[in-house]
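Q: I'd like to learn how to read the side-chain links in a model like this one. Can we walk through it together?

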Amino acid sequence: QVQLAESGGGLVQAGGSLRLSCAASRIAFPVMGWYRQTPGKQREMVATIRSGGSTNYADSVKGRFTITRDSAKNTVYLQMNNLKPEDTAVYYCRADLLATFWGQGTQVTVSS
């Protein structure tokens, strides 16, 4: 059974930083990413990374967030710098291989 274990969320002041981690069990996924969701809104893509290293970012986080992966550990990271109150959301790890798998979500709260 595939599991995605997320960690690293929390409460931070605006301008601060957080680092999210997502460890995937058993399988090396070709595509992994981070998505976020706030109440009443659709889940949106934040950043994705392919096994070859190519990345994609939402315009709202470009220049502030960095996604990386450690293939040996089957883990993807999201370094979030210069956080803004509008970044407040539940952040979900996603992995794709024929099917889509989601983590349980981790809350990120940015206070002004």
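This is a predicted model: local features need pLDDT of at least 70, side-chain atom pairs count only at pLDDT 80 or more; totals for chains, interfaces and linings use all residues.

Q: How many salt bridges does the structure hold?

A: Five salt bridges turn up here. Let's take a few in turn. In one of them, the side chain of Glu44 meets that of Arg36, at 2.7 Å from N to O. Arg36 also meets Asp87 through their side chains, with 3.0 Å from N to O.

Q: Which parts of the chain does the pair of Arg36 and Asp87 tie together?

A: Arg36 sits in strand E4 (residues 31-37), while Asp87 is in the loop between strand E8 (75-80) and E9, so this pair ties together parts 51 residues apart in sequence.

Q: Buried or exposed: how do I sort Arg36, Asp87 and Glu44?

A: Use the cut-offs: buried means under 20% relative accessible area, exposed means over 50%, and partly exposed is in between. Arg36 has a relative accessible area of 6%, so it is buried. Asp87, at 1%, is buried because that is under 20% as well. Glu44 has 38% relative accessibility and therefore counts as partly exposed.

Q: Which residues do shared partners join into one network?

A: Salt bridges with shared partners join Arg36, Glu44, Arg64 and Asp87 into one network.

Q: And what about the salt bridge of Lys62 and Asp59?

A: There the side chains of Lys62 and Asp59 meet at 3.1 Å, N to O. Asp59 has a relative accessible area of 64%, so it is exposed.

Q: Let's turn to disulfides. How many does the structure hold?

A: For this feature you look for a pair of cysteine sulfur atoms within 2.5 Å. The structure holds one disulfide, joining Cys22 to Cys93 with 2.0 Å from S to S. The two cysteines belong to distant parts of the chain: Cys22 is in strand E3 (residues 18-24) and Cys93 in strand E9 (residues 89-97), 71 residues apart.

Q: What is the handedness of the link of Cys22 and Cys93, and are these cysteines buried or exposed?

A: The link is left-handed, with -80 degrees about the S-S bond. Both Cys22 and Cys93 are buried.

Technical notes:
Residues are numbered from 1 along each chain as its sequence is written. Side-chain values use heavy atoms; hydrogens and water are left out. Helices (H or I, at least four residues) and strands (E, at least two) are DSSP runs, numbered from the N terminus. Buried means under 20% relative accessible area, exposed over 50%, partly exposed in between (1.4 Å probe, protein chains only). A salt bridge is a side-chain nitrogen of Lys or Arg within 4 Å of a carboxyl oxygen of Asp or Glu.
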